[in-house]
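Colleague: I would like a close look at one part of this model. Please walk me through the stretch towards the end of the chain, helices and loops together.

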Amino acid sequence: MHPRIRLRIRFPCLNDFPIELQIDCGSDYTIVSEESLTQLGDPETCSTSLKVTTASGKLLPLNSEFECQVTLKGLTKRSVCYVTSVKGFNVLGSDLMDAFGLYDVPINSFCKLVTTVGDSEVYCNALKAKYPAVFQDGLGRCTKTKVQLFLQPGVKPVFKPRRPVPFHSQRLVEKELQRLQNLGVIEQVDFSNWAAPIVAVRKAQRDADGDPIVRICADYSTGLNAVLEANKFPLPTPDDIFAKLSGSQYFSVLDLSDAYLQMEVEEDSQKLLTVNTHKVLFKYKRLPPGVKSAPGAFQKVIDNMIGDLEGTESFLDDVNVFGKTRAKHDQNLENTIQRIQEYGFRLKIEK
């Protein structure tokens, strides 16, 4: 994903017409959208033979080109600018980055800075008070749907033996297993045809008792993932996201806490998610990370949740809210949080 930073530079075509471009370190050429030509004084254009592709490998349609003078901080350079029919696609290429020596100067000397709105903390506290269920501690639970897993035809169950856990880590692993049981994420079973080993990952943080925090991951690459049908629901591309954000001035990012684990799994599919620990067998009742079909299944639920909302876009558990004005952003943000509450999800709160 290329860094996109709002930059105001001037194209004095016919007159001194300002335009905002985005720094795109992956673009060799400066490109503006067709809709921006009026803003630039309708410069005289000619056909172009240049062909370029986007970061996703798709061909970017270029309709024409024109010569221009670019002025930045009192320095003027002549250049060629290319025109695309893609709306909102205005990028400053590496040609002009080199011409103005922008690689060698602090970026905040020529770019607009992204700043936090002064009353953001007060506004956030008001939202927390209005929608307490979304911000409370604990694990959320999607109330609208459950995830179902599908096996490829004719597969045989895969049961993998447990992996040894170092003696000094066993207590911490058992403590984490108990926490997951208390949250309703896993449930002990006496028998299963399916089982995957676990991997215990020790984190730098410590819990309320002063013990190192251990997180348990199921290693479904040992068999289950190879025989699961893939969920082909498409994930949004960077181009999709940036196109929707274009023109907005206010942004918020909402992060779903333990996102996959907020999704329940259909009972018939839970047996496939059994894990073999050093103690006993557990089945996952919630969707664990590491399952091949999890990203597509989760993205589908999130897209259904926010699909009809204005000024909202998501990539998995990160929900971006935006607006051209503060009032529009705040309305979009409240609509999004209200919808999250309706679905039963909870958000991660930075401590």
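**A helix pair and the loops around it**

Modeller: Keep in mind that this is a predicted model. Start with the helix pair. In α8, the residues V301, N304 and M305 touch R339, I340 and Y343 of α9. That contact is made up of 4 nonpolar residues, 1 polar and 1 charged. Helix α8 spans residues 294-306 and α9 spans residues 326-343. Their axes come within 10 Å and cross at roughly 125 degrees. The two helices are therefore oblique to each other. The crossing of α8 past α9 is right-handed.

Now step back to the loop between β14 and α8, where P288 sits. Is P288 buried or exposed? Its relative accessibility is 1%, so P288 counts as buried. Which residues does P288 touch, leaving out those up to four places away in sequence? They are Y220, Y260, L261, L273 and A294. Take Y220 from that list. In sequence, P288 and Y220 are 68 residues apart. In space, their C-alpha atoms are 9.8 Å apart.

Next comes the loop between β15 (312-315) and β16 (318-323), which holds L316. L316 is not a glycine, yet its phi is positive, at about 55 degrees. With 16% relative accessibility, L316 falls under the 20% cut-off, so L316 counts as buried.

The relative accessible area of D258 is 43%, so D258 is partly exposed.

Last, look at α6, residues 238-245. Which residues of α6 are buried? They are I241, F242 and L245. These three cover an arc of only 95 degrees around the axis, so they lie on the same side of α6. An α-helix has 3.6 residues a turn, so residues three or four places apart point the same way. After α6 comes G247, with a positive phi near 90 degrees.

To recap, follow the buried residues. P288 is buried in the loop between β14 and α8. L316 is buried in the loop between β15 and β16. I241, F242 and L245 are the buried residues of α6. D258, by contrast, is partly exposed.

Notes
Residues numbered from 1 in each chain as written. Predicted model: local features only at pLDDT ≥ 70, side-chain atom pairs only at ≥ 80, totals over all residues. Heavy atoms only, no water. Axes fitted to C-alpha atoms, helices over the stretch in contact; angles between N-to-C directions. Helix = DSSP H or I, 4+ residues; strand = E, 2+ residues; numbered from the N terminus. Parallel < 35°, antiparallel > 145°, perpendicular 65-115°, else oblique. Left-handed = near helix turned anticlockwise from the far one by under 90°. Contact = heavy atoms within 4.5 Å. Nonpolar A, V, L, I, M, F, W, Y, C, P; charged D, E, K, R; others polar. Buried < 20%, exposed > 50% of the residue type's maximum accessible area, 1.4 Å probe, protein only. Arc of directions from axis to C-beta.
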